[in-house]
Amino acid sequence: MITRLKEKLSALNPISITETDHAAKGYHLDVAASPAQVVAMAEILDQEGFAIEAVTGVDWLGEAAAVAKKPEVAEGEEPVVETPGEPPEEQMEVVYDFSHSGIRPLLRIVIRCRINRGTPELPTISGVYPGANWHERETHDFFGIIFTGHPDLSPLLLPEDADFHPLLKDFKA
Amino acid sequence: MSDLARSQNQETFVLNLGPQHPATHGVLRVKLTMDGEYILRAEPVLGYIHRMHEKMGENRTWAQFMPNTGRLDYLGALSYNHGYALVVERAMGITVPERAEYLRVITVELNRIASHLLWFGAFVLDLGGFTPLLYAFDDREKILDLLESVTGSRLTFCYFRFGGLYNDVDDDFITGSRAFIKRLRSRMPDYHNLVTNNIIMIKRLKDVGLISAEMCRKYGATGPVLRGSGVDFDIRKNEPYSVYSEFDFDIPVYHECDSMARYMVRMDEIEQSLRIIEQALDKLPEGPVMAEKVPKIIKAPKGDYYAAVEAARGTFGIRVVSDGTNTPYRLKLRSPTYSNLSLYEEASQGMLLADALALMGSLDLVIPEIDR
Amino acid sequence: MILHPETKKALAPFVLPGLIAGPVLIVGLYLFLTSIPGGLARVIIFCGALIIFAALNAAYLVWLERKVCAHIQCRIGPKEVGPFGLIQPLVDGIKLMSKQLLLPKGIDPFLFKVAPLLVLVPAVMSFVTIPFGEHLAARNINIGLLMIFAFASVNVLGLLLGGWGSANKYAVISAARAVSQNVAYEIPMLIIVITMIMVTGTMNLNEIVMQQSGWFGNWYIFRFTASPLMPVAFLIFFVCSLAETNRAPFDLGEAESELIAGFHTEYSGMGFGVFFMGEYANIVIGCSLATILFLGGWQSPVGIASGWWWFLLKLYTLIFCVMWVRWTYPRTTLWGLLNLSWKILIPITLFNLLLTGAMLKIWPH
């Protein structure tokens, strides 16, 4: 299964595709994709009978700057320090979790998709997985990531007039 | 359905169910577009008890987030403890002592039974039967007493630690658990006689609220909802964690896809959980309940980790992203009822109000876990 | 009896007088009521007594209901206010009366106010013809049975207007349910009543009771010569009266997990209280009729010592069954309820009617 899937996904030319140790990581296949590939990948997984687990985001604010600086972080200190001036392009990541319920032991696949923090946009997969609808809405609530083609991105968990995105690293309550 | 198509151009009205409504068991609001008693569209509106646990996680140390996990699904708090402990132990590479693993299983299964019992009572209450609720609470009370004696709390447990447990159990707990198994086994036939075989129950649940396996997959529904749709899927078997692979238990699966199937799955799961507890009590090894080499300050190595457990309501997945500091960089809580509820809009279309509420009850919603 | 010692001490002086005065009062009232000659004065006095009876019934049936449900659910029930919580209904009544009657925005004030009365008054009126004992009826009229059903059908109007006047969607749904339910269940109920009229040949309730004198084999429930289906007819009558009074498992009108409180969602204070009294009065009427038509009314099962006590005993046993059913069964759905009536009960009752007619031809009474 996993090799077949790898082949199928590799045909789309993802940025990287790595098998991971389930015991150490908790998932079997880690795929880094570009925004344009996400829908096609979801379609492949759908054909293979995968179920959607979750969609979420990770804000990598400061990562680009930190990589440019030194990766070492002193103990107790905030991991990332915003660098003044013109920073390199900051990024956000959208993480899709899929699992296959039909096989034992079950197979978990993670698809990651990096997008620019300034223009957080990528196509929705809610057309493929209707269950992604709510997860994407939630991700939009928390990160402000816009899923183009999503039927309704109004706040789901946040108040209906919320104009903030609490999980952004530069969000201050 | 054809009735639905016919009614499209007739008068409809919007019924606002909740956020304060007896059937939603919490602050869930459902916007129902109705044609008489038929539901044309049911749109859940969430967020009334949203507390942004994920942000809280980013602002406290790894260990400090443990109490939060008990406040997600307050009816099955220990499963959530377990999920979080698992993911951090996975990240840190901590091995949990054998005895602690067994005790984790015992307490989690007790908690699962408590959760199912409460669901059973509340579900029958949704259907208008008041009495089973109090019977179920009577049994649940026994579990809470047992768990209170070891965890110190009765609802929002925070019993697990990275690498083990907060404290060991005593003999009273062991004998109490055994007595409880006996008691519940003798009570289950009563429940089945009173509720399961009740003609009104059967009429209301059979062939009502169909959720196909395909729909579950597309929406990511798990737990009893999925098993009631004929899919033999349980994290305890499919992705064995802790010491579940050492026990002999079955995963109840029903192929009817209706509310009755989901009901039966949960009722059978109570018996399976009892079996697990029984075996775990028999096999319970001696030894410490806490791993020795757990650092005082947890600093998970850089990277992201995922762990999933079978909570009472389905797969609870937790993804942590660590940047190597003493606080998580990102915590994603994948709660089962969030996905289970998301199929409600599709599943409830064209149903009668009473049946739709029975369907909602059969999904076993716990709102704090949906809203997080 | 679990009582606070202080309460016990306070109550002690009243126990003996109470034990003596209670029966004396009841017997006195009975003698007084039975000795009044017929006429307007009798009706007025009886009506006063009946209103008190209805109110006391409502109050103490609530208490009984709470005790019964507590017993079924392994609880204790009300116990704090008075011995066995007996003063609880009184206190509840005072609470309800002292509450403001809220008039929500957008309602029809007239309908809203008149609806609870439309439920209570017909029920109390129906008591007029009920023979509690041989001479213990406010008015012994020839068409008593007809009168009760005439009043009983006003009840549904009260629910409908209450639901409609509340301007609440839940209440409107509930009102619609209540109407379809009442219409559906009035039919089998009336068919049975027609059957009974055919058998008894009278609509006078007292006469119907008289016909069942002697031992309990003479009760109409066991009158197999009239129709072998008599026990079934009794059961159907009982089920129908459950449905008519919106009691579980047919409490679709106030299905609390669906419609919150149904037609009385918007009612507060005594508005709700009157609805409640009406509901319990209707239960009493329904069970009284079942007692009179099938269980021999005030006739003793062994033929001696007949009297109102037998009537009350039978009545409250039936009421207990009503409560027992309520706290045991879950609720049906509207469709299930209507299917039960139209597809099962009505055909059976029609068949029973036919059978009874045939039997009457064979063995004329």
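Which residues does B:N198 touch, not counting residues up to four places away in sequence?

## A residue of chain B beside chain C

In this predicted model, B:N198 touches C:Y329 and C:P330, once residues up to four places away in sequence are left out of the count. The position of B:N198 along its own chain is in the loop between α7 (171-196) and α8 (199-205) of chain B. Is B:N198 buried or exposed? B:N198 counts as buried, because it has 21 C-beta neighbours inside 10 Å, and the threshold for that class is 20 or more.

## How the chains meet

Two pairs of chains touch, and of these the pair formed by chains A and B has the most contacts. Chain A and chain C, by contrast, do not touch, and 24 Å lie between their nearest C-alpha atoms.

Where chains A and B meet, 30 residues of chain A are in contact with 35 residues of chain B. On the chain A side, the elements that give two or more residues are α2 (22-25), β3 (51-59) and α5 (132-143), and the largest share, six residues, comes from β3(A). Sorted by class, this side of chain A has 19 nonpolar, six polar and five charged residues. Where chains C and B meet, 24 residues of chain C are in contact with 26 residues of chain B. At least two residues of the chain C side are supplied by each of α6 (169-200), α9 (256-259) and α12 of chain C, and the residues of that side divide into 12 nonpolar, six polar and six charged.

## The fold of chain A

Chain A contains five helices and seven strands, and its elements, read from the N terminus on, follow the order α-β-α-β-α-β-α-β-β-β-α-β. Of its 173 residues, 41% count as buried. Among the contacts in chain A between residues at least 6 apart in sequence, 60% join residues that are at least 24 apart.

Five strands of chain A form an open sheet with mixed pairing, in the order β1-β2-β5-β4-β3. β1 (16-19) and β3 of chain A stand at the edges, and each has a single partner strand, so one side of each is left without a neighbour in the sheet. From one strand to the next, the twist averages 15 degrees. Within the sheet, β2 (residues 29-33) and β5 (residues 107-116) of chain A run parallel and are joined by five bridges; as an example of the pairing, A:D30 has A:V110 in β5(A) as its bridge partner.

Helix α3 (residues 38-48) of chain A lies across β2, β4 (91-100) and β5 of chain A, and runs at about 170 degrees to β5(A). Helix α5(A) packs on the sheet as well, where it touches β3 and β4 of chain A, and its direction makes about 10 degrees with that of β3(A). Both α5(A) and β3(A) are also among the elements that give two or more residues to the side of chain A that touches chain B.

## The domains of chain C

Chain C is divided into domain 1 (1-98) and domain 2 (102-362), and the centres of these two domains, taken over C-alpha atoms, are separated by 24 Å. The contact between them takes 21 residues from domain 1 and 21 residues from domain 2 of chain C. On the domain 1 side, the elements that give two or more residues are α1 (5-35), α2 (40-72) and α3 (88-98) of chain C, and α2(C) provides the largest share, 16 residues. By class, this side of domain 1 has 17 nonpolar, three polar and one charged residues.

## A helix pair in chain C

Helix α8 (residues 230-244) and helix α12 (residues 334-362) of chain C pack at an angle of about 145 degrees, with their axes 11 Å apart, and the crossing of α8(C) and α12(C) is left-handed. In this contact, C:V232, C:A233, C:I236 and C:A243 of α8(C) meet C:L337, C:L345, C:I348, C:T349 and C:N352 of α12(C). The residues of the contact divide into seven nonpolar, two polar and no charged. Helix α12 of chain C also supplies at least two residues of the side of chain C that touches chain B.

Technical notes:
Residues are numbered from 1 along each chain as its sequence is written. Chains are lettered from A and ligands numbered from 1 in the order in which they are written. This is a predicted model: local features need pLDDT of at least 70, side-chain atom pairs count only at pLDDT 80 or more; totals for chains, interfaces and linings use all residues. Two residues are in contact if their C-beta atoms, placed from the backbone, lie within 7 Å. Helices (H or I, at least four residues) and strands (E, at least two) are DSSP runs, numbered from the N terminus. Ala, Val, Leu, Ile, Met, Phe, Trp, Tyr, Cys and Pro count as nonpolar, Asp, Glu, Lys and Arg as charged, and the others, Gly among them, as polar. Axes are lines fitted to C-alpha atoms, for helices over the stretch in contact, and angles run from 0 to 180 degrees between N-to-C directions. A crossing is left-handed if the near helix is turned anticlockwise from the far one by less than a right angle, and right-handed if clockwise. Domain bounds come from an automatic or database domain assignment. A residue is buried if 20 or more other C-beta atoms lie within 10 Å of its own, exposed if 12 or fewer, and partly exposed in between; C-beta atoms are placed from the backbone. Two strands pair if DSSP finds at least two bridges between them.
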